[in-house]
Amino acid sequence: MTKRTTAPARAGNGEGVASLAPSLTPSAVNAADIAGMAVPFAEQNYGVTLDYGVASLARLDEIIEDLRRDQRFEVLQPVLFSIGCYVGEVLVRHAGGRWRRTEELGMGVVASSPIAIEMPDGRGCNPVGKVYRRFQKGREDSIALFFRSMAGKPSE
């Protein structure tokens, strides 16, 4: 994986990350827009092109692994939220999911996000929460494996 050549996220001061803070209140309507904020972050800091393909989730696992080395969650929360929306958008585009409010899915009390994905079989999942856990716990919470478990498909 190409390491980032600049250090906006690693600097520890939030420079480069704060600009990713969603200026919108997260909703099912604007989740795709928030997901789109992860694309230039990955490109500018890692040289990774995120194309909303299933294979891009393995690249996100690598990026998150790099970010967790010396960053605090509080500094990276905006970019992690955006990455979570990106993961959700991959579920929408490749597994038939749809964005919903967590309350509509009965997840409002336990979810770490006001939005989540409803899968075609009615299951709800929280890709933002999964990205947060991936950052906090490491490889055991793989984003690529999360997609496979929710979509029931092997990765590309």
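This is a predicted model: local features need pLDDT of at least 70, side-chain atom pairs count only at pLDDT 80 or more; totals for chains, interfaces and linings use all residues.
**Cysteines.** I then checked Cys85, which comes out at 0% relative accessibility and therefore also counts as buried. I searched the whole structure for disulfides and found zero.

**Sheet.** I traced three strands, which form an open sheet in the order S1-S2-S3 with antiparallel pairing. Strand S1 (98-101) and strand S3 (124-125) are at the edges. Each has a single partner strand, so one side of each has no neighbour in the sheet. I looked at how strand S2 (residues 115-118) connects to S3: two bridges join them, and the two run antiparallel. For Glu118, I noted Gly124 in S3 as the bridge partner. Helix H4 packs on this sheet and touches S1, S2 and S3. I recorded about 130° between the direction of H4 and that of S1.

**Helix pair.** Next I took helix H2 (residues 38-46) against helix H4 (residues 73-95). They pack at an angle of about 115°, and their axes are 9 Å apart. The range for roughly perpendicular is 65 to 115 degrees, so I list H2 and H4 as roughly perpendicular to each other.

Which residues in H4 do Ala38, Val39 and Phe41 in H2 meet? I find Val79, Ser82, Ile83 and Tyr86 on the H4 side. By class, the residues of this contact between H2 and H4 are six nonpolar, one polar and no charged.

Note on methods: Residues are numbered from 1 along each chain as its sequence is written. Side-chain values use heavy atoms; hydrogens and water are left out. Axes are lines fitted to C-alpha atoms, for helices over the stretch in contact, and angles run from 0 to 180 degrees between N-to-C directions. Helices (H or I, at least four residues) and strands (E, at least two) are DSSP runs, numbered from the N terminus. Angles under 35 degrees count as roughly parallel, over 145 as roughly antiparallel, 65 to 115 as roughly perpendicular and the rest as oblique. Contact means heavy atoms within 4.5 Å. Ala, Val, Leu, Ile, Met, Phe, Trp, Tyr, Cys and Pro count as nonpolar, Asp, Glu, Lys and Arg as charged, and the others, Gly among them, as polar. Two strands pair if DSSP finds at least two bridges between them. A disulfide is a pair of cysteine sulfur atoms within 2.5 Å. Buried means under 20% relative accessible area, exposed over 50%, partly exposed in between (1.4 Å probe, protein chains only).
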